[in-house]
Amino acid sequence: MPQIPEKIHELTVGQLAARSGAAVSALHFYESKGLISSRRTTGNQRRYHRDTLRRVAFARAAQRVGIPLATIREALAELPEERTPTREDWARLSEAWRSELDERISRLNRLRDHLTDCIGCGCLSLDTCVLSNPDDAFGRLQSGSRLLVERRGDRKKREREQG
């Protein structure tokens with residue numbers, strides 16, 4: 001990875017790409033989505049402040065775990081513009097995503113554990129579907145998955161009617 005001397009406070013898009021590992025097109029995309037910003041020189045070239053390296057690293061890491069760009073943009077907007085973000089800044093931002101990531105991990109584990117049951121099913125041929133209908137609220141009534149959310153009162157009424 002190319003080193004950039006400490007005395008250089010602004011980076012060209014090529015330097016930022018080389019140092020961050022992100023493609024120039026990705027950096028332009030991040031800028032168009034408001035994740036990073038640049039200033040324009042008199043020759044209309046982009047110049048990025050050094051702290052953009054950390055913002056790009058944060059955005060790429062967040063994307064790898066599936067955080068939506070809009071959520072990343074909101075988080076980056078909370079960071080100070082006048083200084084490089086600290087470890088505490090990043091910890092505060094990433095903590096907000098912990099429950100979302102835990103839920104995603106839970107869904108992925110459920111998918112992994114029940115994937116064999118789903119191969120070739122098309123969610124129409126199985127009596128129950130632990131992925132689309134993990135609580136199998138309708139499995140006793142008919143086969144196939146249901147994505148409908150049953151109201152608690154409706155379920156109790158049906159249970160009374162059935163027995």
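What pLDDT does the protein average, and what share of the residues score at least 70?

1. Confidence. The structure is a predicted model. The protein averages a pLDDT of 78, and 65% of the residues score at least 70. Confidence is highest in helix α2 (residues 24-32), at a mean of 95, and lowest in helix α7 (residues 152-162), where the mean is 61. A reader new to the structure may wish to keep these values in view.

2. Overall organisation. Seven helices and three strands form the secondary structure of the protein. Read from the N terminus, the order of the elements is β-α-α-β-β-α-α-α-α-α. Of contacts between residues at least 6 apart in sequence, 44% join residues at least 24 apart.

3. Burial and surface. The protein has 163 residues, of which buried residues make up 28%. Its accessible surface comes to about 11,100 Å², and carbon and sulfur atoms account for 51% of that area.

4. Helix α1. Within helix α1 (residues 13-20), the buried residues include V13, L16, A17 and S20. Viewed down the axis of α1, its buried residues fall within an arc of 100°, so they line one face of the helix. The buried residues of α1 pack against β1 (10-11), α2, β3 (46-49) and α3. Just after α1 comes G21, which takes a positive phi of about 85°.

5. Helix α5. In helix α5 (residues 87-95), D89, W90 and L93 are the buried residues. Down the axis of α5, its buried residues fall within an arc of 95°, so they line one face of the helix. The cover over the buried residues of α5 includes α3 (52-64) and α4 (69-77). On the face of α5 turned away from its buried side are the exposed residues R87 and E88.

6. L108, L111 and L115 make a nonpolar surface patch of about 250 Å². One of these residues, L111, lies in helix α6 (residues 98-118). Is L111 buried, partly exposed or exposed? L111 counts as partly exposed because its relative accessibility is 36%, a value between the cut-offs of 20% for buried and 50% for exposed.

Notes
Residues are numbered from 1 along each chain as its sequence is written. This is a predicted model: local features need pLDDT of at least 70, side-chain atom pairs count only at pLDDT 80 or more; totals for chains, interfaces and linings use all residues. Side-chain values use heavy atoms; hydrogens and water are left out. Patches are made of residues with over 30% relative accessible area and no salt bridge: like charges are joined within 9 Å, nonpolar side chains (Val, Leu, Ile, Met, Phe, Trp, Tyr) within 5 Å. Accessible areas come from the Shrake-Rupley method with a 1.4 Å probe; for residues, only the protein chains shown count as cover. A salt bridge is a side-chain nitrogen of Lys or Arg within 4 Å of a carboxyl oxygen of Asp or Glu. Helices (H or I, at least four residues) and strands (E, at least two) are DSSP runs, numbered from the N terminus. Buried means under 20% relative accessible area, exposed over 50%, partly exposed in between (1.4 Å probe, protein chains only). The arc is that of the directions from the helix axis to the C-beta atoms. Contact means heavy atoms within 4.5 Å. pLDDT is the predictor's confidence in each residue, from 0 to 100.
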